[in-house]
Amino acid sequence: MYLSRFLSIHALWVTVSSVMQPYPLVWGHYDVCKTQIYTEEGKVWDYMACQPESTDMTKYLKVKLDPPDITCGDPPETFCAMGNPYMCNNECDASTPELAHPPELMFDFEGRHPSTFWQSATWKEYPKPLQVNITLSWSKTIELTDNIVITFESGRPDQMILEKSLDYGRTWQPYQYYATDCLDAFHMDPKSVKDLSQHTVLEIICTEEYSTGYMTNSKIIHFEIKDRFAFFAGPWLRNMASLYGQLDTTKKLRDFFTVTDLRIRLLRPAVGEIFVDELHLARYFYAISDIKVHGRCKCNLHATVCVYDNSKLTCECEHNTTGPDCGKCKKNYQGRPWSPGSYLPIPKGTANTCIPSISSIGTNVCDNELLHCQNGGTCHNNVRCLCPAAYTGILCEKLRCEEAGSCGSDSGQGAPSRGSSALLLPLAALLGTAGPLAI
């Protein structure tokens, strides 16, 4: 009776657990690059695709404003209150910490009230456009994993473009247009991400959802990364296997979420009405209290750690790869062309490990990782292969009778073609065909 009761409770728990975690094994976290496993040949490394965890990437960026003197406070000036555009006795003064609004306040951890924010000069030179470029640079390729969120303390701009660069700011492409009137501002019909599909997920759209004037609770602008992921992974992002498969096989899709720099182009401040009030130009300016950018270092699925040292992000590469993005094979590990890791098959992926070059074979001819003794040979102290009586060579790849010239039909050992044992078999071993690469 007790056993049956226990089994019933256990079955119930399994059922509840399966409901709470509908896809526990297929997500593929890729947080380990290799692990040791036991085989008939002993303990060997099992390699798998791996990547750093997603994190707040604003901790590592550099920000640049253009024009560089666009921040308010030098010289001091007054501006109108956020909630009351006709109360214009607030002051911005760069020389007074309590009244200064420098760019770094877009990324600080706000621990006091009122919230801290960057603010531009007011539109005192109207009708000349009040335009600002805010460039966020990482000096490193990163992959975006969550929505980009910009929180304004002023009204959200009437016109704005979010742009990306994949070549460290040399060239730029639009990510999304924002406007109160998309057709008038950018000659584009308004759309939202919900209007897209799997086939149009890379379309650059103009949205009017976020570009309103002075309205309470209307401070945030999104670039919707997760909504685009949802076209492949489902609305709750539970089918990550599908998303990873698409990212793995569609380079344009992976590149879409990859950046080295972002640029926020503020083209027209929130006006709130059809005409600009030229008598109260201190009403018009930009103010941003927070920018959120979540992502991970791009390491081509060859690293789980990205270190920040001397103001620079670098992948701690594994799989015998090297470079800022683990984008090439290490010296003496170029036995086959470099390749990025693969998310497939879920959940461990494929490491595509770099393997030793033939010219790099030295005293350490076997290591139970990449170089495997052939024909029943065993690796001794990671130094040499102990071969069966009938075989010899660095990796036990040659018939002993061949060296003695005694291989023949009466010996029961067929002689391989000349050169094949000395060249082709070691090459096969290095390329992983003579033993599992444990990928």
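Trainee: Where in the chain is D290 placed?

Mentor: D290 sits in strand 15, which covers residues 287-292. Note before going further that the model is predicted.

Trainee: Does D290 count as buried or exposed?

Mentor: The reading rests on a cut-off: a residue is called buried when its relative accessible area is under 20%. D290 has 15% relative accessibility and therefore counts as buried.

Trainee: Which residues does D290 touch, not counting residues up to four places away in sequence?

Mentor: With those sequence neighbours left out, D290 touches M106, V149, I150 and T151. For polar partners, look at the side chains: those of D290 and K292 are joined by a polar contact of 2.5 Å.

Trainee: How do I put one residue into the context of the chain? How many helices and strands are there in the chain?

Mentor: The chain has seven helices and 24 strands. Of its 439 residues, 44% count as buried. Contacts can also be sorted by sequence separation. Among those with a separation of 6 or more, 63% are between residues 24 or more positions apart. The chain exposes about 23,100 Å², and carbon and sulfur atoms supply 54% of that area.

Trainee: Now T207. Which strand is the place of T207?

Mentor: T207 belongs to strand 12, residues 206-207. Its relative accessible area is 1%, so T207 is buried. Its contacts, again leaving out residues up to four places away in sequence, are with Q176, Y177, Y178, A179, C182 and K191.

Trainee: What does the side chain of T207 reach at 3.4 Å?

Mentor: The side chain of T207 reaches the backbone oxygen of K191. A polar atom of the T207 side chain also lies 3.2 Å from the backbone nitrogen of E209. A C-alpha distance is another kind of reading: between T207 and D189, 18 residues apart along the chain, the value is 8.4 Å.

Trainee: How do I read the buried side of a helix? Which residues of helix 4 are buried?

Mentor: The general idea is that an α-helix has 3.6 residues a turn, so residues three or four places apart point the same way. Here, helix 4 spans residues 240-249, and its buried residues are M240, L243, Y244, G245 and L247. Their cover includes helix 3 (225-233) and helix 5 (251-256).

Trainee: Next, peptide geometry. Which residues does a cis peptide bond with omega of about 5° join?

Mentor: To read it, look at omega for the bond. The bond joining D66 and P67 is cis, with omega about 5°. P67 lies in the loop between strand 4 (62-66) and strand 5 (77-79). The bond from D74 to P75 is also cis, with omega near 5°, and P75 is placed in the loop between strand 4 and strand 5.

Trainee: And backbone phi? What is phi of L301?

Mentor: For L301, phi is near 65°, a positive value in a residue other than glycine. L301 is found in the loop between strand 16 (294-297) and strand 17 (306-309). With a relative accessible area of 5%, L301 is buried. N310 also has a positive phi, near 55°, and is likewise a residue other than glycine. N310 is in the loop between strand 17 and strand 18 (312-315). Its relative accessibility is 71%, so N310 counts as exposed.

Trainee: Where is H302 found?

Mentor: H302 is in the loop between strand 16 and strand 17. At 0% relative accessibility, H302 counts as buried. The H302 side chain reaches the backbone oxygen of A351 at 3.5 Å.

Trainee: Last, cavities. How many cavities of 30 Å³ or more does a search of the whole structure find?

Mentor: A cavity is a space where a 1.4 Å probe fits but cannot get out. The search of the whole structure finds one of 30 Å³ or more. The largest cavity has a volume of about 50 Å³.

Trainee: Which residues line the largest cavity?

Mentor: The lining consists of Q51, E143, R254, C297, K298, C299, N300, L301 and Y343. Sorted by class, that makes four nonpolar, two polar and three charged residues.

Note on methods: Residues numbered from 1 in each chain as written. Predicted model: local features only at pLDDT ≥ 70, side-chain atom pairs only at ≥ 80, totals over all residues. Heavy atoms only, no water. Helix = DSSP H or I, 4+ residues; strand = E, 2+ residues; numbered from the N terminus. Buried < 20%, exposed > 50% of the residue type's maximum accessible area, 1.4 Å probe, protein only. Contact = heavy atoms within 4.5 Å. Areas by Shrake-Rupley, 256 points an atom, 1.4 Å probe, with all protein chains shown as cover. Polar contact = N/O pair within 3.5 Å; in protein donor to acceptor, adjacent residues only side chain to side chain. 1 Å grid on protein atoms, 1.4 Å probe; cavity = no way out; pocket = protein on both sides within 12 Å on 5 of 7 lines; lining within 4 Å. Points joined across faces, edges and corners; volume = space filled by probe spheres on them. Nonpolar A, V, L, I, M, F, W, Y, C, P; charged D, E, K, R; others polar.
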